[in-house]
Amino acid sequence: MNLYMENETVREFPFSAEETAREVCEAVLEEEGCPFEAQVNIVLTDNEGIRALNRECRNTDRETDVLSFPNVDFEEEGVFDIDEDREADYFDPESGELVLGDIMISVDKVYGQAEEYGHSLRREFAFLVAHSMLHLCGYDHMEEDARLRMERRQEEILTGLGITRD
């Protein structure tokens, strides 16, 4: 898996964000049975940056913790049946990797929510990466049953990695 990560802020984490993101991304892809080498882009921004993007892309003028921009139109969550007619849209022509999409995370929100929920910064960051990766794999949480399925998958993945709320 290729992970491209950029930090647009001056704020750093007391752990390797790239190593944690890679660990979580790879676990999600393994759990979802992704049969392809994949590519994911993660941008770390601040509340101001994510608010501007949220306003521009979703017409919602407020800060949020994470935004996901899936590249693949999944018929069914976690089912990687790629239509041959869409391969050019989904695969990097140079590397042959499935381009899953982009993740934007507010570093300010990671710090605030870790404190609010009483768990580590790494746990909060890993949770947001797992949540977003599931979106990139076709999951959503608009309906109650879909929300519960997605939450269960997030917890299974993080627990499997030993990244718990403790």
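Is Glu75 buried or exposed? In this predicted model, Glu75 has a relative accessible area of 82%, and because the cut-off for exposed is over 50%, Glu75 counts as exposed. Glu75 sits in the loop between strand E3 (66-70) and helix H3 (87-90). A surface patch of negative charge gathers Glu75 with Glu76, Asp81, Asp83, Glu84, Asp85 and Glu87.

Another loop residue is Asn59, placed between helix H2 (47-58) and E3. Asn59 is exposed as well, at 73% relative accessible area. Its phi is positive, about 55 degrees, although Asn59 is not a glycine. Most residues other than glycine have a negative phi.

Helix H5 covers residues 121-136. Its first and last C-alpha atoms are 23 Å apart, close to the 22 Å expected at 1.5 Å a residue. Of its 16 residues, 14 are buried, and H5 is mostly covered. Just after H5 comes Gly138, with a positive phi of about 95 degrees.

The salt bridges come next. The model has 17 salt bridges. In one of them, the side chains of Arg122 and Glu23 meet at 2.7 Å, N to O. Arg122 belongs to helix H5 and Glu23 to helix H1 (residues 17-31), so this pair ties together parts that are 99 residues apart in sequence. Arg122 is partly exposed at 28%, and Glu23 is partly exposed at 29%. Glu63 and Lys109 form another salt bridge, with their closest N and O atoms 4.0 Å apart. Glu63 is in the loop between H2 and E3 and Lys109 is in helix H4 (residues 107-117), so the pair links parts 46 residues apart in sequence.

Methods
Residues are numbered from 1 along each chain as its sequence is written. This is a predicted model: local features need pLDDT of at least 70, side-chain atom pairs count only at pLDDT 80 or more; totals for chains, interfaces and linings use all residues. Side-chain values use heavy atoms; hydrogens and water are left out. Patches are made of residues with over 30% relative accessible area and no salt bridge: like charges are joined within 9 Å, nonpolar side chains (Val, Leu, Ile, Met, Phe, Trp, Tyr) within 5 Å. Accessible areas come from the Shrake-Rupley method with a 1.4 Å probe; for residues, only the protein chains shown count as cover. Lys and Arg count as positive and Asp and Glu as negative; His and the chain ends are not counted. The place of a charge is taken as NZ of Lys, CZ of Arg, CG of Asp or CD of Glu. Helices (H or I, at least four residues) and strands (E, at least two) are DSSP runs, numbered from the N terminus. Buried means under 20% relative accessible area, exposed over 50%, partly exposed in between (1.4 Å probe, protein chains only). The expected span of a helix is 1.5 Å times one less than its number of residues.
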